[in-house]
Amino acid sequence: MFSIIIPAFNEEDAIDSTIKQCKAIIEKCGDTQSEVIIVDDGSNDNTIENAKIAGAQVIRHPHNIGYGRSLKDGIMAAKNDIIIITDADGTYPIESIPELLSEYSKGFDMVVGTRSGKHYRESLFKTIHRRILKFLVEFTAGRKIPDINSGLRIFSKKTVTSYFNTLCDTFSFTTSLTLAYMMTGKFVKYIPIQYNKRIGKTKVRLFADSMRTLQFIVEAILYYNPIKIFLVFSMLLIFFAIISLTIAYFTFIKITYIFGIACLIASIFMFGMGLLSVQLKQIINRDK
């Protein structure tokens, strides 16, 4: 038994076929207790009407509030523990769900579809943007992550709800979910999937959503492994110190020498703050 949660915002052109594909998968699995839940995030087109006609359970937000909040509301409304999330725009291959379910049954905490194909690459700018965010998330988690924000994944309702207070309410929900599971030692499996052409227009605001993602990455570092952010600043200060002292050595400019020494002292102080943050985190966790 599983619940498929699909957030939707102005997806009237794709919602009907997405629901029908989900219902076909449920029928194929022979499971009458599974369900499809559409969370309409303030659509102003015929998304709700089309979803109801297609036979899905519909939760409606009075206005647009965010991708992550839609998923949270859908998860809370789900009657089954196994949660499958996907998008309503036709980009994710619904037919891959049985394969993901098969892997999930082996004991993984989360199974994620790793996107590939020409429709995923889209443009050079998006590719560079994804690589930067991927580097930051992998640095935070301390391990390789094939796809940091894929929207096709399976996990347990009971497990994911325990992370709700740390998960983003907007576009960065899947990124924050990835970090939460990785930073707390959960078992995560990645399965290659073919990413399809989007039906309709993208709702992603690249710059604004990227800034929010960066914000949540920093928050995740501070929450799960705070010493890393202090190490980054400490290394930067050492770098500036080396540059300044090198310049001072060759030019005898006094101010660069003073600046270099100040950066070295600050780097030691920053590293000490990192050690203190780790101790404070351990104390807080022990008190809990």
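**Notes on the model**

1. Ile-75 touches Ile-5, Ile-83, Phe-155, Lys-157, Val-160, Thr-161, Phe-164 and Phe-173, with residues up to four places away in sequence left out of the count; contact here means heavy atoms within 4.5 Å. The model is a predicted one, in which local features need pLDDT of at least 70 and side-chain atom pairs count only at pLDDT 80 or more, whereas totals for chains, interfaces and linings use all residues. Residues are numbered from 1 along each chain as its sequence is written, and side-chain values use heavy atoms, with hydrogens and water left out.

2. A nonpolar core is taken as a set of buried Ala, Val, Leu, Ile, Met, Phe, Trp, Tyr and Cys residues joined through side-chain atoms within 4.5 Å; buried means under 20% relative accessible area, exposed over 50%, and partly exposed in between, with a 1.4 Å probe and protein chains only. Helices (H or I, at least four residues) and strands (E, at least two) are DSSP runs, numbered from the N terminus.

3. Strand S5 (residues 110-116) is mostly covered, six of its seven residues being buried. Which strands pair with S5, and in what sense? With strand S6 (residues 153-156) the pairing is antiparallel, over three bridges, and within it Arg-153 of S6 is the bridge partner of Val-112. With strand S7 (residues 188-194) the pairing is parallel, over seven bridges, and here Met-110 stands opposite Val-188. Two strands are said to pair if DSSP finds at least two bridges between them.

4. The structure holds seven salt bridges, each being a side-chain nitrogen of Lys or Arg within 4 Å of a carboxyl oxygen of Asp or Glu. One of them joins Asp-169 to Lys-72, at 2.8 Å from N to O. This pair links distant parts of the chain, since Asp-169 is in the loop between helix H7 (157-160) and H8 while Lys-72 is in helix H3 (residues 67-77), 97 residues apart. Asp-169 counts as partly exposed, at 33% relative accessibility, whereas Lys-72, at 10%, counts as buried.

5. Another salt bridge is formed by Lys-20 and Asp-16, whose closest N and O atoms are 3.2 Å apart. Both residues lie in helix H1 (residues 15-29), four residues apart, or about one turn of the helix. Lys-20 is exposed, with a relative accessible area of 52%, and Asp-16 is partly exposed at 26%. In a further salt bridge the side chains of Lys-106 and Glu-103 meet at 2.9 Å, N to O; Lys-106 is exposed at 56%, but Glu-103 is buried at 14%.

6. The count of aromatic pairs comes to four. For Tyr-92 and Tyr-195 the ring centres are 5.4 Å apart and the planes stand at 80°, so the pair is edge-to-face. Tyr-92 lies in the loop between strand S4 (82-85) and helix H4 (97-104), and Tyr-195 in the loop between S7 and helix H9 (206-224), so that this pair links distant parts of the chain, 103 residues apart. Both tyrosines are buried. Rings of Phe, Tyr and Trp (its six-membered ring) pair if their centres lie within 6.5 Å, and planes under 30 degrees apart count as stacked, over 60 as edge-to-face and the rest as tilted.

7. Asn-10, which is not a glycine, has a positive phi of about 55°; Asn-10 sits in the loop between strand S1 (2-8) and H1 and is partly exposed at 23%. Phe-252, also not a glycine, has a positive phi of about 60°; Phe-252 lies in the loop between helix H10 (227-251) and helix H11 (254-287) and is exposed at 72%.

8. With a disulfide taken as a pair of cysteine sulfur atoms within 2.5 Å, the count comes to zero. Cys-29 is in no disulfide, the nearest cysteine sulfur, that of Cys-22, being 11 Å away. Cys-29 is partly exposed at 37% relative accessibility, whereas Cys-263 is buried at 4%.
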